[in-house]
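User: I am new to this structure and would like to go through it by question and answer. Please show it, then begin with the terms.

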Amino acid sequence: MLSQLATVAVAVGSIREYDGTRFRPQGKNMTIPAVYQRSPAALLGERLQQTALSGKELAECLCVRHDVVSKLLAGKVGINPELATRLGRFFGDRPEFWMTLQAEHALALFRKNGGEAAIVAEVRPRSAGARP
C-alpha cells in the first residue's frame with residue numbers, strides 16, 4: 001500500500017485537519033488528527049451505513065467493479081486519484097479529502113511502525129546555508 005502512495009500527488013509532510021468544508025494546515029509538530037488515524041476503509045464503511053448502501057450498490061454508483069470496493073472496504077487497497085474523484089463526486093466531497101485521508105493514514109501507520117524514528121536517527125537535517 002505504501003508503494004502505491006509514492007505516486008500520490010499529495011504532500012504527506014503537511015498535516016492538515018478537515019473541518020467539514022476545507023483542510024486547515026496545522027503546526028509542524030502537531031499530532032495527526034484522529035480522523036486520519038482511522039483507515040479510509042473505516043470511513044467509507046461508516047458512509048455506507050449512513051446511506052444504507054451495500055458495497056455492490058456503491059460499486060454500481062461509482063461505475064467501478066465490485067471487487068474494487070470490496071478490496072477497499074477490506075483495507076487491501078488504498079484510494080487512488082481516480083477513486084478519490086469518484087468517491088468525492090458521489091458523496092459530495094472534494095477528491096483532495098479522500099487523497100489526504102489516504103496519505104495521512106499511511107503516514108500514521110508508518111510512524112506507528114517506527115519508520116519515522118528510524119529515519120530521524122539516520123538522516124541529519126540540512127543546516128541553513130550548507131551545501132549538500
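Analyst: Buried means under 20% relative accessible area, exposed over 50%, and partly exposed in between, with a 1.4 Å probe and protein chains only. The model is predicted, so local features need pLDDT of at least 70 and side-chain atom pairs count only at pLDDT 80 or more, while totals for chains, interfaces and linings use all residues. Residues are numbered from 1 along each chain as its sequence is written, and side-chain values use heavy atoms, with hydrogens and water left out.

User: Is Cys-63 buried or exposed?

Analyst: Cys-63 lies in the loop between helix 4 and helix 5; helices (H or I, at least four residues) and strands (E, at least two) are DSSP runs, numbered from the N terminus. Its phi is near 60 degrees, a positive value in a residue other than glycine. Because its relative accessibility is 61%, Cys-63 counts as exposed.

User: What is the relative accessible area of Ala-52?

Analyst: Ala-52 is in the loop between helix 3 (40-51) and helix 4. Phi of Ala-52 is near 60 degrees, a positive value in a residue other than glycine. Ala-52 is exposed, and its relative accessible area is 66%.

User: Which pattern does the chain follow along the sequence?

Analyst: The chain has eight helices and two strands. Of its 132 residues, 31% are buried. Along the sequence, the pattern reads α-β-β-α-α-α-α-α-α-α.

User: How do helix 4 and helix 5 lie to each other: roughly parallel, roughly antiparallel, roughly perpendicular or oblique?

Analyst: Helix 4 (residues 55-62) and helix 5 (residues 66-73) pack at about 125 degrees with their axes 8 Å apart; axes are lines fitted to C-alpha atoms, for helices over the stretch in contact, and angles run from 0 to 180 degrees between N-to-C directions. Angles under 35 degrees count as roughly parallel, over 145 as roughly antiparallel, 65 to 115 as roughly perpendicular and the rest as oblique. Helix 4 and helix 5 are therefore oblique.

User: How do the residues of the contact of helix 4 with helix 5 divide?

Analyst: Gly-55, Lys-56, Leu-58, Ala-59 and Leu-62 in helix 4 meet His-66, Val-69 and Leu-73 in helix 5, where contact means heavy atoms within 4.5 Å. Ala, Val, Leu, Ile, Met, Phe, Trp, Tyr, Cys and Pro count as nonpolar, Asp, Glu, Lys and Arg as charged, and the others, Gly among them, as polar. The residues of this contact divide into five nonpolar, two polar and one charged.

User: Which residues of helix 7 make the contact with helix 6?

Analyst: The axes of helix 6 and helix 7 come within 7 Å and cross at roughly 130 degrees. That makes helix 6 oblique to helix 7. From helix 6 come Pro-81, Ala-84, Thr-85, Leu-87, Gly-88 and Phe-91, and from helix 7 Pro-95, Trp-98 and Met-99.

User: With which residues is Gly-88 in contact, leaving aside its neighbours within four places in sequence?

Analyst: Gly-88 is found in helix 6. Gly-88 is buried, with a relative accessible area of 4%. Beyond those neighbours, Gly-88 is in contact with Asp-93 and Trp-98.

User: With the side chain of which residue does the side chain of Asp-93 make a polar contact?

Analyst: Asp-93 sits in the loop between helix 6 (81-91) and helix 7 (95-112), and is buried at a relative accessible area of 13%. A polar contact is a pair of N or O atoms within 3.5 Å; within protein, one must be able to donate a hydrogen and the other to accept it, and residues adjacent in sequence count only if both atoms are side-chain atoms. At 3.2 Å, the partner is Trp-98.
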